[in-house]
Amino acid sequence: MTKIRFHPKDETLASYIRGTLDVGRRVLVSAHIEVCASCSRVLATSDHLGGSILEAADPAPLEINALQKVLAQIEGLAASPAPEKTSGHPFGLRTLSGYELGPWRWVGPGVHWRSVSVPADHGARVFMLKAAPGTSLPHHTHTGTELTLILQGAFAHQGGVFGAGDFEEADGTIEHQPVVEPDGECICLVAMEGQLQLLGFLGRILQPFVRM
Ligand SMILES: [Zn+2]
């Protein structure tokens, strides 16, 4: 995996640990932590998680797996022990195993969409987008927040180049148009709250889906 350069904001990680994120954003942050050694370390050493919680959870040497178990206990995501290998999980992510993934559906030139069924919670919407190399994704603005985790490939916009494992938080102050890098298709996991305003042809096609 390429080096991860973009991470959740500190306040987002803190909310994740406190269990105050809606389920959509929780899925995104949890999936990022699975692949990000840096965020795993930050969480392990943070005041929020430090001392009593970790000691109570497991006196053994702290590994990433142990942290995952602690996090799972905190937020009640996983009731059963974490499996040894992740190869059997969608995109290698244990987080995604708990949710039903819909079939890929064509939504525009070079772009496919699939649902990720999470429990209804404050209107959170989670879905995946798959875009062919060089595709311009819809130009859009936000009235809420949008979290994106890149699962495969890369895209670029005014904020930089986002590759596998990178995490983006966009809000109403950001207006961007990602373009998929030319060397491979890009698959993203997206959680969205609030209204998204999609502009242009592809946007009009996508709009009914992201409102689901
Ligand atoms: Zn990270």
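1. Let's start with strand S4 and which way its side chains point. Arg-125, Phe-127, Leu-129 and Ala-131 face one way, Val-126, Met-128 and Lys-130 face the other way, and all are buried. In a regular strand, side chains alternate between the two faces of the sheet. S4 covers residues 125-131, and seven of its seven residues are buried, which is to say the strand is mostly covered. Please keep in mind as you read on that this is a predicted model.

2. What does S4 pair with? One partner is strand S3 (residues 111-117), joined to S4 by five bridges and running antiparallel to it. To find this pairing on screen, look for Val-111, which stands opposite Ala-131 in S4. Another partner is strand S11 (residues 186-192), and here the pairing with S4 is antiparallel over seven bridges.

3. Six bridges join S6 to S11, and the two run antiparallel. Ile-150 has Cys-188 in S11 as its bridge partner. S6 (residues 146-152) is also mostly covered, with six of its seven residues buried. S6 has a further antiparallel partner in strand S9 (residues 167-170), with four bridges between them. There, Leu-147 stands opposite Glu-169 in S9.

4. There's also an open sheet of three strands to look at, in the order S8-S7-S10, with antiparallel pairing. Which strands sit at its edges? Strand S8 (160-162) and strand S10 (179-180) do, each pairing on one side only. Strand S7 (residues 155-157) pairs with S10 over two bridges, in the antiparallel sense. If you want a residue pair to click on, Ala-156 has Val-179 in S10 as its bridge partner.

5. Now for the metal. Which residues coordinate the zinc ion? The donors are His-7 (ND1), His-32 (NE2), Cys-36 (SG) and Cys-39 (SG), at 2.0 to 2.3 Å. Along the chain they follow the spacing H-x24-H-x3-C-x2-C. The site links distant parts of the chain: His-7 is in the segment before helix H1 (10-18) and Cys-39 is in helix H3, 32 residues apart. The angles among the four donor atoms run from 98 to 118 degrees, and the site is tetrahedral. For comparison, the ideal angle for four tetrahedral donors is 109.5 degrees.

6. Cys-39 brings us to helix H3 (residues 37-45), where Cys-39, Ser-40, Leu-43 and Ala-44 are buried.

7. After H1 comes Gly-19, which has a positive phi, near 80 degrees.

8. One backbone angle deserves a look. Phe-91 has phi near 55 degrees, a positive value in a residue other than glycine. Where does Phe-91 sit? You'll find Phe-91 in the loop between helix H5 (64-75) and strand S1 (100-101). Phe-91 is partly exposed, with a relative accessible area of 33%.

9. Finally, the chain as a whole. It has six helices and twelve strands. Of its 212 residues, 49% are buried. Among contacts in the chain with a separation of 6 or more, 66% come from residues 24 or more positions apart. The chain exposes about 10400 Å², and carbon and sulfur atoms supply 53% of that area.

Technical notes: Residues are numbered from 1 along each chain as its sequence is written. This is a predicted model: local features need pLDDT of at least 70, side-chain atom pairs count only at pLDDT 80 or more; totals for chains, interfaces and linings use all residues. Side-chain values use heavy atoms; hydrogens and water are left out. Buried means under 20% relative accessible area, exposed over 50%, partly exposed in between (1.4 Å probe, protein chains only). Two strands pair if DSSP finds at least two bridges between them. Donors are N, O and S atoms within 2.8 Å of the metal (3.2 Å for Na, K and Ca); water is not among the atoms, so sites may look incomplete. Four donors count as tetrahedral if all angles lie between 85 and 135 degrees; four count as square planar and six as octahedral if opposite donors are over 155 degrees apart and all others between 65 and 115; anything else is irregular. Contact means heavy atoms within 4.5 Å. Accessible areas come from the Shrake-Rupley method with a 1.4 Å probe; for residues, only the protein chains shown count as cover.
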